[in-house]
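Hi,

Here is the structure I promised to pass on. Have a look at it first, and my notes follow below.

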Amino acid sequence: MRFSRVLAGVATVSAAALAFAGCSPAADDSQTITVVYQKTDGFVALDELFQKVKPEFEAANPGVTVELEPIVADEGDYATKLALMQQSAETAPDVFYEDTFRVRSDIDAGYLLNLDDHLAEWEDWEQFNDGAKEAGRADDGSVYAVPLGTDTRGIWYSKSVLEAAGVALPWEPKSWEEILETARAVKAASPDKVAFNVYSGKPAGEGSVMQGFGMLMYGTDDTLYDADEQKWVTGSEGFVDSLAFIETLYGEGLAPAPDVALDGSMWQKLFGEWFPGGQIAGTIEGSWSPSFWKQGGSYEWPEYVDDIGVAAFPTQNGQGDGAVSLSGGWTLAVGAQSEHPDESFDFLAMALDRENALEYNIANSQIAVRADVAEDPAYLEANPFIGFFTDLVSVTHFRPATADYPQISAEIQAATEAVMTGQMSPEEAAAAYDEAVIGIVGDENVTQ
């Protein structure tokens, strides 16, 4: 695969410098650092941040050129292309955008630079909360990536669609069954509308776990991974129950049609058409959702402030805390093969300083991980839902921080797709998943 590089600047040697060197040809001591990140029609906040930081950094660091290399792709394709770039020192980036769930596996692959020495000298590091710092930490205790922000997930719903179906507001379901009952009421009142969306299937990638199956699974009495034993759990009733909910949702036509749901760009329809057009009642989505609808967003919709309601996603039967959420987020990392690690870290640090972190967190509706940003009035006033989703941190869960998680996630996505399309029953898909997990991690690393 070919990757074009954008010429960001040309280093020149002045006549005065040549004279100082005795008029003989001077060695080119200019430095170029490449910055690779994701960009889509709906996600431009990081590109805007880097476009702002690039000239500021170059001005503060004469002789250093920043080469921005956005990869225009969805999350899955972005990860694939980034992995290909990492295969060669000639194409490996100096700074790159890294999903938290890939940090451990990419550390093991040797792609990320150990940042401990740099962080020890960076005063801003003390502003980052301890939980967020763990996102970039490896098994050896060292930190290899710095978080941009974090997120939580819950239910986003259309007040007008629910009211038309006779559902009392505010809608605060206390169990999975209450979600299904409401979805059936919406479908009865408006057969042409999407009653409730739970992302499922391989095209949605990690979204099928974080905004789908995982929200169900972590609301059962079981878990995916036993952290105490450091083993993956197989044969769990909660796994089957979670798939059964997905089967019911799609089997009764309450969710988007499978062919629509298996379009990797469905989320664009959800934000750009379905909610603004009153064509969907509810969905599991992340705290970042307002970034698409607010002024300057990809799908500007000023009325979202009044028409959209939010609710915590309930546990299966209202047990435990009664609600559940999942948190993830993205980081910036320095490439282990970088020829300019100091300059690369300095760029990362400038991009994540207080001013730029504030601007990015507001633009992308992120939950701030810097204390000084989290208490800034501009941050608190920018998103009318930020308080609600910040409170969900108290019931949130994080994906297992293991190097083999990306492979496990792919098997979960496959299981949801098999069920939503009717190719397998929940029990069959769960059994196939169990077999796949054993194949990935070995018998000695699973428990029932």
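Keep in mind that this is a predicted model. I started with helix α10, residues 237–251: its 15 residues reach 20 Å from the first C-alpha to the last, close to the 21 Å expected at 1.5 Å a residue. Its buried residues are G238, F239, V240, S242, L243, F245, I246, L249 and Y250. What covers them? The cover includes α8 (176–189), α9 (207–217), α11 (258–261), α20 (405–420) and α21 (426–441). Just after α10, have a look at G253, which takes a positive phi of about 75°.

Next, the sheet. Three strands make an open sheet in the order β8-β5-β9, with antiparallel pairing. β8 (282–286) and β9 (308–311) are at the edges with a single partner strand each, so one side of each has no neighbour in the sheet. On average, neighbouring strands are turned by 35° against each other, ignoring direction. Strand β5 (residues 153–158) is joined to β9 by four bridges, and the two run antiparallel.

Searching the whole structure turns up 32 aromatic pairs. One of them is W267 with F271, an edge-to-face pair at 6.5 Å centre to centre and 70° between the planes. Both residues lie in helix α12 (residues 266–274), four residues apart, which is about one turn of the helix. F271 is buried, with a relative accessible area of 2%.

Y304 and F385 are another pair to look at: their ring centres are 6.3 Å apart and their planes are at 40°, so the pair counts as tilted. This one links distant parts of the chain, with Y304 in helix α14 (residues 304–307) and F385 in the loop between α18 (377–382) and α19 (386–391), 81 residues apart. Are these two buried or exposed? Y304 counts as buried because its relative accessibility is 4%, and F385 counts as buried too, at 10%.

Finally, here is how the rings connect up. Ring pairs link W156, W267, F271, F275, F292, W293, Y299, W301, Y304, F385, F388 and F389 into a cluster.

Cheers

Note on methods:
Residues are numbered from 1 along each chain as its sequence is written. This is a predicted model: local features need pLDDT of at least 70, side-chain atom pairs count only at pLDDT 80 or more; totals for chains, interfaces and linings use all residues. Side-chain values use heavy atoms; hydrogens and water are left out. The expected span of a helix is 1.5 Å times one less than its number of residues. Buried means under 20% relative accessible area, exposed over 50%, partly exposed in between (1.4 Å probe, protein chains only). Contact means heavy atoms within 4.5 Å. Two strands pair if DSSP finds at least two bridges between them. Axes are lines fitted to C-alpha atoms, for helices over the stretch in contact, and angles run from 0 to 180 degrees between N-to-C directions. Rings of Phe, Tyr and Trp (its six-membered ring) pair if their centres lie within 6.5 Å; planes under 30 degrees apart count as stacked, over 60 as edge-to-face and the rest as tilted.
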